[in-house]
Amino acid sequence: MGSVHDIMQTFACRDLHAQFSEYDGWVWRELPPGKNENVMFRVIRGNYYHQEEAILAVSFGTRPSHETIEELLAAPAGRTANRYLLVPQDADLPDLAEGITPMRMAAFGVVDGKLTWLTRKNHAVRYSDEASAHHPARGACDSPPGCEST
């Protein structure tokens, strides 16, 4: 059995994989962990003439730490690389630096100041689709490298 962090990481990787699918040509590489031990990825797709690149980081906090944001900005990438931070729904993002695009998790949200797993049970907290920046993958099969739970 995996730890709670492994399970949360699995859900986060599903959300990232839905946006940057290998089926759409994205090639995943895990970046070495920084001081925070945050998991970050570099995804690339394209051909000889045009290449897209993105740096992805995950924050499970109700408010991303300054170190997480600094590591995301300092990650090695090309000039045109986009940077994304996956956060729980309704996370507090006042310190988000310019150039970082927030993405919302489908399975986790902040309810009453606490990280909460959003289930599909009758009494679960529900968020509107307009507030979500993306939709979760349906039947996501393969995980990118580094997203498998041990």
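Glu-53 and Arg-42 meet through their side chains in a salt bridge, 2.6 Å from N to O; the term covers a side-chain nitrogen of Lys or Arg within 4 Å of a carboxyl oxygen of Asp or Glu. Glu-53 belongs to strand 3 and Arg-42 to strand 2, 11 residues apart. Helices (H or I, at least four residues) and strands (E, at least two) are DSSP runs, numbered from the N terminus. Glu-53 is buried, with a relative accessible area of 10%, while Arg-42 comes out as partly exposed at 28%. Those labels work like this: buried is under 20% relative accessible area, exposed is over 50%, and partly exposed is in between (1.4 Å probe, protein chains only).

Before going on, keep in mind that this is a predicted model, where local features need pLDDT of at least 70 and side-chain atom pairs count only at pLDDT 80 or more, while totals for chains, interfaces and linings use all residues. Residues are numbered from 1 along each chain as its sequence is written, and side-chain values use heavy atoms, with hydrogens and water left out.

Now for the strands around that salt bridge. Strand 2 (residues 40–46) and strand 3 (residues 51–58) run antiparallel, joined by 7 bridges, and a hairpin of 4 residues takes the chain from one to the other. Two strands pair if DSSP finds at least two bridges between them. Within this pairing, Glu-53 stands opposite Ile-44. Strand 2 also pairs antiparallel with strand 1 (residues 27–31), this time through 5 bridges, and there Trp-28 has Val-43 as its bridge partner.

Trp-28 brings us to the rings. The model holds 7 aromatic pairs, counted when rings of Phe, Tyr and Trp (its six-membered ring) have centres within 6.5 Å; planes under 30 degrees apart are stacked, over 60 edge-to-face, and the rest tilted. Trp-28 and Phe-41 make an edge-to-face pair, 5.3 Å centre to centre with 75° between the planes. Trp-28 sits in strand 1 and Phe-41 in strand 2, so the pair ties together parts that are 13 residues apart in sequence. Both Trp-28 and Phe-41 are buried. Tyr-48 and Tyr-49 are also edge-to-face, at 5.3 Å and 85°, but these two tyrosines are exposed.

Elsewhere, ring pairs link Phe-11, Phe-60, Phe-108 and Trp-117 into a cluster. The charged end of Arg-14 sits over the Phe-11 ring, 5.5 Å from its centre; that takes NZ of Lys or CZ of Arg within 6 Å of the ring centre and within 35 degrees of the ring normal. Phe-60 is also in contact with Gln-9, as are Val-39 and Val-58, leaving aside neighbours of Gln-9 within four places in sequence; contact here means heavy atoms within 4.5 Å. Gln-9 lies in helix 1 (residues 4–19) and is buried at 8% relative accessibility.

Back to charges: there are 4 salt bridges in total. Arg-63 forms one with Asp-92, with the closest N and O atoms 3.8 Å apart, and another with Asp-95 at 3.4 Å. Arg-63 is in the loop between strand 3 and helix 2, and Asp-95 in the loop between strand 4 and strand 5, 32 residues apart. Through shared partners, Arg-63, Asp-92 and Asp-95 join into one network.

How far does the predictor trust its own model? The chain averages a pLDDT of 79, with 74% of the residues scoring at least 70; pLDDT is its confidence in each residue, from 0 to 100. Over residues 128–144 the pLDDT is below 50, and this stretch has 25 contacts beyond near neighbours in sequence.

Conventions
pLDDT is the predictor's confidence in each residue, from 0 to 100.
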